[in-house]
Amino acid sequence: MAEYTAPLRDMQFVIEELVGLEHITALPGYEHATPDVVHAILEEANKMARDVLSPINRTGDIEGCRLENGVVVTPTGFKEAYQAYVQGGWNGLQFDEEIGGQGLPMLVATPVFEMWDSANLAFMLAPVLTIAAVECLEKFGNKQQKETWMPNLVTGEWTGTMGLTEPNAGSDVGALRTRAIPEDGHYRISGQKIFTTWGEHDCADNIVHMVLARTPDAPPGTRGISLFIVPKFLVNDDGSLGQRNDLRAVSLEHKLGIHGSPTCVMQFGENDGAIGYLVGEECRGMEYMFAMMNSARLAVGREGVGIGERAYQQAADYARDRVQGKDMANPVLSEVPIIHHPDVRRNLLTMRALTEATRALGYYVAAKQDVVRKHPDAETRAAARARVDLLVPIVKAWSTDSGVETASLGVQIHGGAGFIEETGAAQYYRDVRITPIYEGTNGIQALDLVGRKILRDRGEALQHFIDEIRDTEIQDPLIADAMWSALDALKVTTDWMMADPGDDPRIAMAGATPYLSALGLITGGWLMAKAANIAASAEGEDDFYKAKRVTARFYAANLLPQVSGFAQAARAGSDDIMALSAEAF
């Protein structure tokens with residue numbers, strides 16, 4: 001099982017040539033993110049991935065976490081790796097210098113974190129939620145809360161969590177029962193949260209839980225939910241840690257994968273109630289939590305890319321080494337490595353194409369986030385915001401579905417050895433399988449895309465995006481034909497969805513998932529087409545740019561035709577889907 005090495009050349013290509021780093025360094029506050037600086041950061045991040053995180057990925061999977069007398073013990077090496085992460089200043093990479101960060105663009109932070117997702121996804125789940133907590137507090141916390149909690153969260157010396165899911169309230173967050181009783185400037189929190197990622201561990205001095213709860217007179221449903229800061233340890237006026245709060249991990253979930261990540265059942269308020277501090281106003285908790293959830297959704301999409309890359313690297317290495325079968329083009333030769341066989345090549349190219357396309361999408365959206373944060377023109381910021389909002393469900397859902405497909409193909413290329421744990425191929429599949437479920441299942445992402453991002457504004461944001469794709473001059477005729485055919489199929493389905501559904505919203509919503517898949521493939525195809533354009537006119541590095549053109553052509557010929565099928569399925573309506581009674585299943 002080879003250690004991971006970051007695809008630095010491809011990352012640099014997407015950052016500098018496809019997305020355009022110069023557009024980001026032109027923004028006020030990002031001038032220092034020059035190519036030399038970015039290269040140096042990526043090189044150092046690769047060392048962290050290769051030398052620190054990757055070596056403990058397999059042992060973390062085997063050992064897992066354990067709960068001993070209320071304390072979660074993480075796998076061997078995790079605590080030391082986390083200290084190296086904090087001491088390197090990595091957690092503050094994308095935060096403004098005014099709050100203790102390094103002030104670097106999301107376009108730089110995204111590939112850094114992608115490397116570490118590839119190297120050790122279980123480890124990286126802790127920083128993901130810490131970063132999300134900072135973003136939430138930066139936007140909605142009051143002055144005292146920012147001064148108390150953010151400095152150590154920005155550095156990563158403390159970690160953050162999201163406390164949403166309960167035994168009776170999964171995706172239906174409005175059904176939660178955790179209560180918050182006001183008391184002398186704070187609240188007493190009582191209830192149970194499940195599936196709390198890194199809810200308890202031994203890597204940081206304090207854990208800051210961002211918990212959704214319901215105040216006594218709150219209305220039912222999501223309208224009555226508030227958001228609270230509930231720390232593991234209270235903080236004294238001088239900033240030192242105080243008494244232990246009334247909360248604890250009562251058990252660890254036994255999971256399919258990500259064994260090195262402690263997924264906890266958290267009990268709040270077994271005694272007098274855990275002390276919590278209201279963020280913002282009562283009954284606006286879902287609004288505030290969405291700031292964390294959107295950050296996490298983009299991060300989870302990136303995780304799909306990261307695991308896809310790791311699975312591809314291992315599968316390609318295995319295919320070059322595994323000798324079996326004759327070369328079809330020259331059967332008189334002795335047995336050859338399986339990479340010579342067409343079906344293995346098809347699987348590898350599918351893995352490569354999906355990973356490159358989803359990587360390009362993630363970096364493209366990261367750059368748009370940078371425009372939202374820093375561009376001086378309000379209209380430009382608003383347009384970038386609309387594009388990010390449109391593409392968040394695509395990044396999250398399509399990238400993670402692609403990651404699962406890629407990891408599954410990695411197992412397939414290994415054959416029977418892929419089904420055996422010793423090769424490591426199965427771990428990538430097990431680890432990535434959670435990503436289509438995290439932070440709102442991919443079905444929910446599809447409903448969000450169709451219901452909120454398309455139908456609500458009558459397709460305005462989508463049409464602006466499609467117009468930009470249509471305006472792209474695609475040089476390769478094969479890629480162009482595939483792109484325009486796919487767009488035509490999507491337009492037919494979009495027009496059908498925009499028609500009056502009558503009194504039954506299920507007609508359009510039943511096709512939301514295939515519609516998202518179609519739009520994801522088109523978005524990826526557009527970026528691959530632009531990459532092929534760049535490669536066709538590039539000079540030097542013939543092998544790299546040839547591979548870009550070949551992969552883009554493969555994507556167009558083999559993946560874009562799927563759009564027509566997805567688009568047709570999206571128009572099938574809900575009659576057949578809803579025809580059977582619940583008892584008939």
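These legends walk you through close-up views of the predicted model shown above.

**About the model.** Residues are numbered from 1 along each chain as its sequence is written, and side-chain values use heavy atoms, leaving out hydrogens and water. Since this is a predicted model, local features need pLDDT of at least 70 and side-chain atom pairs count only at pLDDT 80 or more, while totals for chains, interfaces and linings use all residues.

**View 1. The largest pocket and its lining.** Rolling a probe the size of a water molecule over the atoms shows where empty space is left. On a 1 Å grid over the protein atoms alone, a pocket is an open set of points with protein on both sides within 12 Å along at least five of seven lines, whereas a cavity is a set of points where a 1.4 Å probe fits but cannot get out; lining residues have an atom within 4 Å of a point. Grid points are joined across faces, edges and corners, and a volume is the space filled by probe spheres set on the points. For the largest pocket, that volume is about 940 Å³. Its lining has 36 residues, and Thr 165, Ile 437, Tyr 438, Glu 439 and Gly 440 lie nearest the centre.

View 2. Helix 13 supplies the largest share, five residues. Sorted by class, the lining has 16 nonpolar, eleven polar and nine charged residues. In this sorting, Ala, Val, Leu, Ile, Met, Phe, Trp, Tyr, Cys and Pro count as nonpolar, Asp, Glu, Lys and Arg as charged, and the others, Gly among them, as polar.

**View 3. The largest cavity.** The model holds six cavities of 30 Å³ or more. About 260 Å³ of space lies in the largest cavity. It is lined by 18 residues, with Met 106, Ser 295, Leu 298, Ala 299 and Arg 302 closest to its centre. Helix 6 (106-119), helix 7 (121-140), helix 9 and helix 10 (342-374) are the elements that each give two or more residues to this lining. Nine of the lining residues are nonpolar, six are polar and three are charged.

**View 4. The second largest cavity.** This space has a volume of about 70 Å³. Look for Leu 125, Val 128, Leu 129, Thr 197, Ala 296, Val 300, Glu 303, Tyr 438 and Glu 439, which line it. The lining divides into six nonpolar, one polar and two charged residues.

**View 5. Lys 453 in helix 13.** Is Lys 453 buried or exposed? Its relative accessibility is 19%, so Lys 453 counts as buried (buried means under 20% relative accessible area, exposed over 50%, partly exposed in between, with a 1.4 Å probe and protein chains only). Leaving aside residues up to four places away in sequence, Lys 453 touches Asp 389, Leu 390, Pro 393 and Asp 448 (contact means heavy atoms within 4.5 Å). The side chain of Lys 453 reaches the backbone oxygen of Asp 389 at 2.9 Å. Arg 387 is 66 residues apart from Lys 453 along the chain, and their C-alpha atoms are separated by 9.9 Å.

**View 6. A salt bridge between Glu 541 and Arg 9.** A search of the whole structure finds 34 salt bridges (a side-chain nitrogen of Lys or Arg within 4 Å of a carboxyl oxygen of Asp or Glu). In this one, the closest N and O atoms are 2.8 Å apart. Glu 541 sits in the loop between helix 17 (512-537) and helix 18 (542-559) and Arg 9 in helix 1 (residues 8-19), so the pair ties together parts that are 532 residues apart in sequence. Glu 541 is partly exposed, with a relative accessible area of 42%, and Arg 9 is partly exposed at 24%.

View 7. Asp 448 is buried, with a relative accessible area of 10%, whereas Arg 452 is partly exposed at 43%.

Definitions and conventions: Helices (H or I, at least four residues) and strands (E, at least two) are DSSP runs, numbered from the N terminus. A polar contact is a pair of N or O atoms within 3.5 Å; within protein, one must be able to donate a hydrogen and the other to accept it, and residues adjacent in sequence count only if both atoms are side-chain atoms.
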